[in-house]
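Here is a short briefing to read alongside a protein model. Have a look at the sequence and the structure first, then follow the points below.

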Amino acid sequence: MTLPRRFLLLFWMACSLGGASSALAAQMPDFSLHRLGPGGGSTLLVVGGIQGDEPGGFSAAALLVTHYTITQGQVWVVPNLNFPSILVRSRGGCGDMNRKFAHVDAKDPDYSAVRRIQGIIVDPQVDLILNLHDGSGFYRPSYESPLKNPKRWGQCVIIDQDNLDARSFGALARMGQTAVAEANKALVKPEHRYHLKNTHTSKGDKEMEKTLSYFAVRNGKPAFGVEASKEFTTEFRSYYHIRILESFMRQMGIAFTRKFSLSPQGVKNAINSDVAVAFHDGRFVLPLDDARPSMGYVPLKKGGEQTPRFSKPLLALVAEAGAWRVAYGNRTLTRIVPQYMEYDESLESVDVMLDGKPATVRIGSTIVARDSFLVKSIPGYRANAIGAVKEKADGSECSVLLRKKDFTPRFSVDKSGTTYRVELYKGKAFAGMFLVRFGSPRPVSGKETLTATSGSESEFGF
C-alpha cells in the first residue's frame, strides 16, 4: 500500500456507529494485490487480513511478498484485505467481512473490497485459494478439554467438502491432509499438532456459506481456510502458517526460495527487519526497525500530496492531529511531526569523507561510520546534521568532522542512539537527506545491500 490513509479514523468511527457514508468508503485506499513469479504453471492466491485481529495470518502473507522469490508458477498475495480493521486491531469495524461473500449490500463500506476480491478469486488464472486466519484454542476432532475440542478453530486446515469438481486440485481432503502431515513433522511442541476440519458446508452450515472460502468453492475453485492458534504469539502463528503455505506450494508444483530460516525466531526476525518509509521519491527515508516513539521536524513537501513508499505491505500512515502515525499492521511504530517546506530536487548524491576515506553517498541511503564522517562542501547547499553540537558560523555542518560523541542521543532516529539524519538544504528548500549509523556494518535481512563508492550501505531498495 503506498497511499496515505487520511480517512481511517473517520471511516472507523462511522462504521462503529453504524453509519459510514459511501463517500467516506470511496476515499479509502483499497487492499494491495502482489503477483509473484514468472508464471507458466499453477497459480496460488493467498489472502490475509480479512479479520484485523489475526496478525499471524496477515504477517505470514506479507512475508510471501517481501521474503520469497517464486521461480516457477505464480503466487498472488493479498496480505491486507481488510486494512482498516488491521490498523485498529479489530475483527471488523463494519461487521465481519468473512460473512459477506454470499451477499453484501451496495451501501456496505466493505462492498468494494468484497467485490474486488471476488473478482480476483474467479480469475481464470487462479487455481487454488488459501485464506489465512488465527483461531481460538486448538481444534480437535473429539473433546479433550475446554481449549481443545471440535468447537475450536486453531491449528487446523479447513475444507468445506472432501472433493470438488475442478480443473485441478479438486481432491480437497487429500491435499489438506498432506499439508497437515507436513506441518506436523515440524511442530515446536507435540500439542501444537494440526488436524483437517471438514465443515460440510453444503449440508446446512449457514455461517460457513457466507465465507470467502465457500464463495470460491461455489465458483468451482479449490479453497482452504488455514488457522493458527491465538494461544501463540505472532511469530509462532506465522511460522505454522508458512509451514502450511509451503506444503500447498509444493503440492501445486510452485518452486520458491526463502530469505529467512524457517523457525519462529527466523520468522520474527524477518517480520521486524528492514522496516522503512520513504517520502518524495526517496529523498527522505526513515528506518523503523528500532524507531523512537516520535520524530519531530520531518521535512515534507509543502502543498504536495504525501505519497510515501513502504518496505512492507502492512505499513500505513494514519493522520492524527498535527502528526502522522506510522502503523505496521496493528502496531504503532512511531509518530512523525511534519515540517512542511519547499523541495529542491536537483541533488542526487553528496561527497563525504567516511572514516578518513572518500565516498559518494546517494540521497536517501545509509552510511556506516566506525569513527567519523565529514560532508564535503557543496556550492550553494548546506548540511544540517540533526542533533550535532558542532557547526560552522553559517549554521552548516559541511566540512565539519563529526563523531558519535558530537551528537545528542535524543535526536537519533532509533532508540539505540546510533543513527542520525543528515539533511541537505538549498537556501530554505529541502534537498534530501541521508542517514549515518555509527558502528560496524551489519548484514541486511531480506534486502540487497547497495554499496556506494566506499564504505556505505543502503538498507532499503526504494
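The structure holds zero disulfides, where a disulfide is a pair of cysteine sulfur atoms within 2.5 Å. In general, a disulfide is a covalent bond between the sulfur atoms of two cysteines. This is a predicted model, in which local features need pLDDT of at least 70 and side-chain atom pairs count only at pLDDT 80 or more, while totals for chains, interfaces and linings use all residues. Residues are numbered from 1 along each chain as its sequence is written, and side-chain values use heavy atoms, with hydrogens and water left out.

**Cysteines and burial**
- C156 is buried, with a relative accessible area of 0%; buried means under 20% relative accessible area, exposed over 50%, and partly exposed in between, using a 1.4 Å probe and protein chains only.
- C398 also counts as buried, at 3% relative accessibility.

**The chain as a whole**
- Of the 462 residues of the protein chain, 58% count as buried.
- The protein chain exposes about 18700 Å², and carbon and sulfur atoms supply 50% of that area; accessible areas come from the Shrake-Rupley method with a 1.4 Å probe, and for residues only the protein chains shown count as cover.
- The chain has nine helices and 27 strands, which are DSSP runs numbered from the N terminus (helices: H or I, at least four residues; strands: E, at least two).
- Take the contacts between residues at least 6 apart in sequence: 70% of them join residues at least 24 apart, with contact meaning heavy atoms within 4.5 Å.

**A four-stranded sheet**
- Four strands form an open sheet in the order β13-β17-β16-β15, with mixed pairing; two strands pair if DSSP finds at least two bridges between them.
- β13 (294-301) and β15 (315-320) stand at the edges with a single partner strand each, so one side of each has no neighbour in the sheet.
- Strands β16 (residues 323-328) and β17 (residues 331-341) pair in the antiparallel sense over five bridges.
- A327 stands opposite T332 in β17.

**Two crossing helices**
- Helix α8 (residues 234-251) and helix α9 (residues 264-272) have axes that come within 8 Å and cross at roughly 105 degrees; axes are lines fitted to C-alpha atoms, for helices over the stretch in contact, and angles run from 0 to 180 degrees between N-to-C directions.
- That makes α8 roughly perpendicular to α9, a label for angles of 65 to 115 degrees.
- Residues making the contact include F236 and Y239 of α8 and V267 and I271 of α9.

Key: Angles under 35 degrees count as roughly parallel, over 145 as roughly antiparallel, 65 to 115 as roughly perpendicular and the rest as oblique.
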